[in-house]
Amino acid sequence: MRRGNKVWWWFIMIIGILYFFLPLVATFIFSLKAKLGVLSFQAYTNVINNPAFVYNFTASVIWALLTIVVGILLFVPTAYLIRLRVPKARAAVEFITLLPFVIPAIVFVFGLVRTFSQPPLLIVDSPVLLVAGYTVLSMPYMYRAIDTGLRAIDVRTLTEAGQSLGAGWGSILFDIILPNIRVAILSGAFLSFAIVIGEFILAQYLVKPAFAPYMAYMIQQKAYEPAAMAIISFALTWAAMGIISLVGRGNEQAQVGGGH
Amino acid sequence: MTTFDEKRDAPEARPARRKMSWAWLGVMPFFLFAFIFLLYPSSTIVVRSFIDPNTHAFTFKNILALFGNHYILGAYWISIEISLLTSVGGGVFGFLLAYAAIRGGLPKFMRSALMTFCGVASNFAGVPLAFAFIALLSPTGMLIGWLRELGYNPYFHGFTLYTFWGLSIVYMYFQFPLMVLIIAPAIDGLRREWLEASENLGASSFQYWRYVAFPILLPSIMGTMILLFGNSFGAFATAQALTGGQINLVTIVIGSQISGDVLGNPGLGYALALGMVVIMALAIIGYTLLQRRTERWLR
């Protein structure tokens with residue numbers, strides 16, 4: 001590369017850095033202005049001391065944990081069997097796991113609400129539907145993370161070794177396979193966590209307590225507290241992504257998701 | 001893994017037939033789950049798009065009504081415009097950024113820093129993103145304040161954060177990082193030998209781009225832009241939180257259709273959603289085809 005070009009590439013990079021940081025800096029500074037005339041963490045204290053925040057945020061964390069558990073229980077055995085025993089079903093499973101990319105979340109929720117709000121399928125008010133919906137939304141990431149993990153280990157040899165030592169299928173799956181793909185599962189889990197915590201549409205239309213709808217509501221009500229919440233939310237996303245890149249070192253996979 | 005490997009199986013402890021059905025049984029929970037919570041609800045949308053809400057008979061009326069409704073056509077048009085603008089804008093800028101970090105001769109650490117930032121930024125969307133831009137670009141926002149002190153208030157010149165241009169700026173925040181993440185491997189695939197070879201043959205920098213690099217990268221740039229198009233076309237939370245539902249996007253119309261029948265015709269609501277799925281499906285197919293073309297050269 002010639003010298004003159006370098007200035008140009010620096011220029012592009014600086015624009016990118018500004019685009020990335022300016023909104024965050026503005027939000028952070030704004031979040032410190034809750035007390036007149038001085039910078040303080042008052043807005044953060046207000047947020048954390050507000051029972052409504054604690055309630056909605058805790059709810060989101062619980063939804064996220066349930067989603068991760070359901071995801072692991074559902075996808076690990078499936079991905080394992082597809083790899084080992086029923087490769088014929090691979091195409092169908094891959095099609096299904098990619099469907100959430102084709103069906104926008106709002107359309108998916110539209111279908112859920114309409115399908116499950118009339119007898120005999122009246123479960124629109126049940127948390128089961130919410131967790132199932134989250135599991136679907138995180139499926140492309142969770143399933144793929146698990147499948148990538150399985151590709152990296154010798155599933156067949158591990159299974160045969162387990163069998164010859166007299167292990168049953170349950171212990172092969174959960175004592176041998178699961179620990180061997182824990183890194184992949186962890187990165188899928190943290191990505192799911194970030195998705196569920198930030199997800200707005202499902203909880204909004206299924207009328208369940210959750211962080212994002214609460215924050216959207218607070219934007220209409222208050223000035224400084226939503227800024228503090230935006231920073232908290234950003235810090236969480238950052239932490240989740242940081243942990244993913246820590247556990248999955250050297251694996252520069254595009255981790256993309258979230259409810260836009 | 002070869003086909004040979006796939007076909008070899010674990011030791012035969014049980015009769016082959018029973019084992020096969022057992023394995024199929026093991027993947028059933030997944031298919032059952034997918035059917036109940038994904039396939040069936042989604043097919044509801046498709047089926048009901050073709051059903052007359054009053055007579056319950058098969059009809060094309062809902063689909064045809066889409067094209068006769070100015071409100072709906074307007075919503076599609078704005079959604080498509082904003083997605084085109086942010087996918088091309090985000091695509092071009094994301095490409096330049098990725099190229100700067102990978103081949104621009106910048107310090108090595110810039111690349112991994114950029115990747116991490118982009119991973120976070122492409123996941124940082126929805127409500128908090130909307131608020132971050134309110135803090136920056138609303139009439140009392142930080143940047144607007146700075147510009148006002150310089151004697152220029154964009155709000156006196158037709159700019160608002162809460163309409164088309166403002167929303168486009170916000171969408172760009174998750175668009176260009178996605179471009180960087182997806183296009184980086186393609187830029188890595190550009191071999192240095194190609195640049196050296198074209199330089200040895202006397203090609204100018206422009207000729208190298210025009211006849212070598214650009215044609216190789218084009219399918220992957222186009223494919224990723226299509227993906228960005230879908231990314232912004234399906235976006236809802238950001239627009240809802242930013243404008244309070246005041247902007248006429250397809251997703252926003254579907255959102256209000258969920259809460260109540262704002263279109264005054266349930267069938268039309270389903271057809272509206274179906275139209276979205278069709279456009280998204282076309283985008284994903286386009287992306288897949290172009291991605292396949294890319295792999296011929298890069299790898």
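**Figure 1. An exposed histidine in chain B.** With 9 C-beta neighbours inside 10 Å, B:His56 counts as exposed. The model is predicted: local features need pLDDT of at least 70, side-chain atom pairs count only at pLDDT 80 or more, and totals for chains, interfaces and linings use all residues. Residues are numbered from 1 along each chain as its sequence is written, while chains are lettered from A and ligands numbered from 1 in the order in which they are written. B:His56 sits in the loop between α2 (16–49) and α3 (61–68) of chain B. Helices (H or I, at least four residues) and strands (E, at least two) are DSSP runs, numbered from the N terminus. Phi of B:His56 is positive, near 60°, in a residue other than glycine. Most residues other than glycine have a negative phi.

**Figure 2. A positive phi in a loop of chain A.** A:Val207 is not a glycine, yet its phi is positive, about 50°. The loop that holds A:Val207 runs between α10 (201–205) and α11 (211–221) of chain A. A:Val207 is exposed, with 12 other C-beta atoms within 10 Å.

**Figure 3. Chain A as a whole.** Chain A has 12 helices and 0 strands. Its C-alpha trace spans about 75 × 65 × 35 Å along the principal axes. Of its 260 residues, 48% count as buried. Among contacts in chain A with a separation of 6 or more, 77% join residues 24 or more positions apart. Two residues are in contact if their C-beta atoms, placed from the backbone, lie within 7 Å.

**Figure 4. Helices α3 and α8 of chain A.** Helix α3 (residues 51–84) and helix α8 (residues 169–180) of chain A pack at about 85°, with axes 12 Å apart. Axes are lines fitted to C-alpha atoms, for helices over the stretch in contact, and angles run from 0 to 180 degrees between N-to-C directions. α3(A) and α8(A) are therefore roughly perpendicular, a term for angles of 65 to 115 degrees. A:Val76, A:Pro77 and A:Tyr80 of α3(A) meet A:Leu173, A:Ile177 and A:Leu178 of α8(A). By class, this contact has 6 nonpolar, no polar and no charged residues. Nonpolar means Ala, Val, Leu, Ile, Met, Phe, Trp, Tyr, Cys and Pro; charged means Asp, Glu, Lys and Arg; the others, Gly among them, are polar.

**Figure 5. Helices α4 and α5 of chain B.** The axes of helix α4 (residues 70–103) and helix α5 (residues 109–123) of chain B come within 7 Å and cross at roughly 145°. B:Leu97, B:Ala101 and B:Ile102 of α4(B) make the contact with B:Met110, B:Arg111 and B:Leu114 of α5(B). The classes are 5 nonpolar, no polar and 1 charged.

**Figure 6. The largest nonpolar core.** This core holds 170 residues, of which A:Val107, A:Ile146, B:Val180 and B:Ala273 touch the most other members. A nonpolar core is a set of buried Ala, Val, Leu, Ile, Met, Phe, Trp, Tyr and Cys residues joined through C-beta atoms within 7 Å. Helix α8 (residues 164–188) of chain B gives the largest share, 15 residues. Leaving out residues up to four places away in sequence, B:Val180 touches B:Gly94, B:Leu97, B:Ala98, B:Leu114 and B:Cys118.

**Figure 7. Where chain A meets chain B.** Here 76 residues of chain A are in contact with 71 residues of chain B. On the chain A side, helix α1 (residues 3–31) of chain A supplies the largest share, 15 residues. That side divides into 53 nonpolar, 17 polar and 6 charged residues.

How values were computed:
A residue is buried if 20 or more other C-beta atoms lie within 10 Å of its own, exposed if 12 or fewer, and partly exposed in between; C-beta atoms are placed from the backbone. Angles under 35 degrees count as roughly parallel, over 145 as roughly antiparallel, 65 to 115 as roughly perpendicular and the rest as oblique.
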